[in-house]
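Here is a quick briefing to read alongside the model. Take a moment to look over the sequence and structure, and then follow the notes below.

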Amino acid sequence: MQTLAGVDYGYLRKIVFRFSQNVLDPSRDYLFDARLSRLLRDQGMTDLDELVESLRRKKSPALERSIAEAMTINETSFFRDSHPFELLRLELLPKLIESRRPARSLRFWSAACSSGQEAYSLAMLMRESFPSLAGWNIRIEGTDICSEVVERALAGCYHRVEINRGLPARFVVRYFDHEGENWTVKPEIRGMCNFRQANLCSSPPPFNRIDDRFDVIFLRNVMLYFSQETRRTLLEGIHRLLAPDGILFLGASEQPADPSIWTSELAGGTCHFRPRQPE
Ligand SMILES: C[S@@+](CC[C@H](N)C(=O)[O-])C[C@H]1O[C@@H](n2cnc3c(N)ncnc32)[C@H](O)[C@@H]1O
């Protein structure tokens, strides 16, 4: 449908939904103008109308993907909402470590990791609070649909302003090297993390081998962009990828779409979830 301004935002919203399953509210159509300005420049186009018309004439999956990626909201910070990290440190990880002692292995997934701060926060937490696990195989996987933020995560380089958001000073000194305004995670932390681009809603999902299930999954501040149906399907997949005694953290305002397959516990100022086991 054409709007008064002439741009068919509905067409753009459908593209975003098809590629990322993000549901954008029409009241936020103005975001397309700001977010796609660089893409328009790169394409040598003057406005969104020209972009829509060009895609109508000739489909371009690469361009459509770039539109969906440009519309993602990548807000994040180190140790965001501190409670899950504190609860892991004080209560959940000590128990998990005991049960993983025979295998000496722990797997974390920062699903929708944005530019990597969540994954690196977990790596620093492990190094700082559980130094005796240095000989264990501790892997932190980070995935995000947006290639630009995944590249940033892979580089592990942050501006002073990002470093100043949520990172305790002693962590900055211990785990980062800096040059001017830029701070780069040290190799010992970088080496604990893998990052790659992946769509959480793809089929098959980003991880699908249940023989290497995750012990802890962070799926925070991403489901709010999905429809109820997408959330349900995603959480069924996450349920299969989590160890039976594994732990799921969602964003502070998020809940599982199907509570019947999860147990929830409120502790340490936050809620965490575990796969419900058959009675
Ligand atoms: C607001 S950030 C949350 C980052 C981090 N989890 C946190 O809580 O700080 C949401 C991230 O979800 C990613 N995202 C959105 N839809 C996605 C999808 N279908 N698959 C994977 N990542 C997606 C976005 O690219 C964005 O980086």
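**The ligand and its pockets**

A backbone N or O atom of Arg 220 lies 2.9 Å from a nitrogen atom of the ligand. On its own the ligand has 600 Å² of accessible area, and the protein covers 99% of it. Please keep in mind that this is a predicted model.

**Around the ligand**

- The ligand has 22 residues around it, and Thr 76, Arg 80, Asp 144, Asn 199 and Asn 221 come nearest.
- Asn 199 also places a polar side-chain atom 2.8 Å from a nitrogen atom of the ligand.
- Ala 112 uses its backbone instead: an N or O atom there lies 2.8 Å from a ligand nitrogen atom.
- By class, the shell around the ligand has nine nonpolar, eight polar and five charged residues.

**The pocket that holds the ligand**

- The ligand takes the space of the second largest pocket.
- This second largest pocket has a volume of about 380 Å³.
- Its lining counts 23 residues, with Ile 73, Ala 112, Asn 221, Val 222 and Tyr 225 closest to the centre.
- That lining divides into ten nonpolar, eight polar and five charged residues.

**The largest pocket**

- The largest pocket has a volume of about 460 Å³.
- Its lining is made up of 18 residues, and Arg 38, Ser 66, Glu 69, Ala 70 and Glu 148 lie nearest the centre.
- Helices H2 (30-35), H3 (37-43), H5 (61-70) and H8 (147-155) each supply at least two lining residues, and H3 gives the most, with five.
- The lining of the largest pocket has six nonpolar, six polar and six charged residues.

Notes
Residues numbered from 1 in each chain as written. Predicted model: local features only at pLDDT ≥ 70, side-chain atom pairs only at ≥ 80, totals over all residues. Heavy atoms only, no water. Near = heavy atom within 4 Å. Polar contact = N/O pair within 3.5 Å; in protein donor to acceptor, adjacent residues only side chain to side chain. Areas by Shrake-Rupley, 256 points an atom, 1.4 Å probe, with all protein chains shown as cover. 1 Å grid on protein atoms, 1.4 Å probe; cavity = no way out; pocket = protein on both sides within 12 Å on 5 of 7 lines; lining within 4 Å. Sits in = over half its atoms within 2 Å of the grid points. Nonpolar A, V, L, I, M, F, W, Y, C, P; charged D, E, K, R; others polar. Points joined across faces, edges and corners; volume = space filled by probe spheres on them. Helix = DSSP H or I, 4+ residues; strand = E, 2+ residues; numbered from the N terminus.
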